[in-house]
Amino acid sequence: MIQNTECGPDYRVILLGASNLTLGLPRLVHSLRTSLPGTVEVISAHGHGRSYLKWSYVFYRGLPSITHCDLWSDLEKRPAAKETYALVTDLGCDLFYGAKPQPIIDAVGICLNRLSQLGAKTVFVRPPLDRLYQISDWHYYVVKNIFFPGPTVRWPLMREYITEVDQGVLGIAEGLGCSIVAPNISWFGFDPIHIKRTQRNFAWQEIVKTWRGPESLQIAAPGLAESFHTWTRKASSRKVWWIPNTHSQPSYQWPDGSSLSVY
């Protein structure tokens with residue numbers, strides 16, 4: 001990827017993920033702005049049920065694939081930042097949509113390579129395998145159909161798929177020099193894929209500490225109003241009741257020049 005060489009922000013943070021990133025986004029945006037000394041440009045492709053491969057829909061809202069969204073073309077137009085950090089997480093949604101492992105590995109690998117070309121210090125969060133390997137067939141069936149109703153691949157085969165995706169993406173991430181985070185089993189409860197609310201500050205602190213060290217970025221939850229403001233920012237391209245919508249980015253800009261862009 002080729003970036004504009006004009007003077008950009010002090011820090012650019014690129015976030016790619018689905019539900020866990022969505023739930024953690026207010027914490028991340030708030031903590032980045034309060035911890036980093038300078039202007040912070042947060043660029044996020046997230047959303048419940050977000051896919052790396054194709055358009056995904058939750059109720060009335062549709063979002064494009066992370067791999068093919070406007071984030072990548074917009075990045076080429078933006079001036080380079082002094083430092084760039086990135087996060088890649090939430091790999092499992094496409095398996096629940098019926099995709100096989102190799103296309104997912106390829107798509108996430110494309111994203112990781114793009115981030116590497118940008119010079120980003122990238123953290124890859126692996127699927128929570130330790131917790132997933134504990135659950136039974138019925139537990140999987142209940143949780144899967146709460147979040148992804150529809151045809152259900154049997155748990156032994158899905159477990160193989162998840163492991164294959166993890167190992168495939170892990171190999172790419174390690175080859176590119178990414179930091180690797182294996183989620184702690186204590187971060188999860190009955191729901192084995194979403195970080196518990198009581199564990200989110202600690203979990204996100206562990207996830208992002210390799211960007212600048214454990215003491216440099218202190219994760220804290222903002223107030224409800226600030227969280228709601230972050231969650232309601234509109235993506236660059238989306239569908240509402242299957243009608244295409246576009247919104248200019250950044251979605252929000254603070255007086256100090258920091259900004260949040262959503263894709």
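Modeller: Axes are lines fitted to C-alpha atoms, for helices over the stretch in contact, and angles run from 0 to 180 degrees between N-to-C directions. Helices (H or I, at least four residues) and strands (E, at least two) are DSSP runs numbered from the N terminus. This is a predicted model, in which local features need pLDDT of at least 70 and side-chain atom pairs pLDDT 80 or more, while totals for chains, interfaces and linings use all residues. Residues are numbered from 1 along each chain as its sequence is written, and side-chain values use heavy atoms, without hydrogens or water.

The packing in question brings together helix 1 (residues 19–35) and helix 9 (residues 224–231), whose axes lie 9 Å apart and meet at an angle of about 115°. The two helices are therefore roughly perpendicular to each other (under 35 degrees is roughly parallel, over 145 roughly antiparallel, 65 to 115 roughly perpendicular, the rest oblique).

Arg-33 and Asp-256 form a salt bridge with an N to O distance of 4.0 Å (a side-chain nitrogen of Lys or Arg within 4 Å of a carboxyl oxygen of Asp or Glu). This pair spans 223 residues, from Arg-33 in helix 1 to Asp-256 in the loop between strand 10 and strand 11 (259–262). Arg-33 counts as partly exposed because its relative accessibility is 28%, and Asp-256 is partly exposed too, with a relative accessible area of 41% (buried is under 20%, exposed over 50%, partly exposed in between, with a 1.4 Å probe and protein chains only).

Salt bridges that share partners also join Arg-12, Glu-41 and Arg-78 into one network. Within it, the side chains of Arg-12 and Glu-41 meet at 2.3 Å, N to O. Arg-12 belongs to strand 1 and Glu-41 to strand 2 (residues 40–45), 29 residues apart, so this pair links distant parts of the chain. Both of these residues are buried.

Across the whole structure, the search finds eight salt bridges. Another of them joins the side chains of Asp-10 and Lys-82 at 3.1 Å, N to O. Asp-10 sits in the segment before strand 1 (11–16), whereas Lys-82 is in the loop between helix 2 (71–77) and strand 5, 72 residues away. Lys-82 counts as exposed because its relative accessibility is 62%.

The C-alpha atoms of Glu-164 and Pro-101 are 6.4 Å apart, although 63 residues separate the two in sequence. With 40% relative accessibility, Glu-164 counts as partly exposed.

Asp-90, in the loop between strand 5 (83–88) and helix 3 (93–96), has a positive phi of about 60° although it is not a glycine. Its relative accessibility of 13% is why Asp-90 counts as buried. Trp-241, in the loop between strand 8 (237–240) and strand 9, likewise has a positive phi, near 55°, without being a glycine. Trp-241, however, counts as exposed, at 57% relative accessibility. The peptide bond from Gln-249 to Pro-250 is cis, with omega near 5°.
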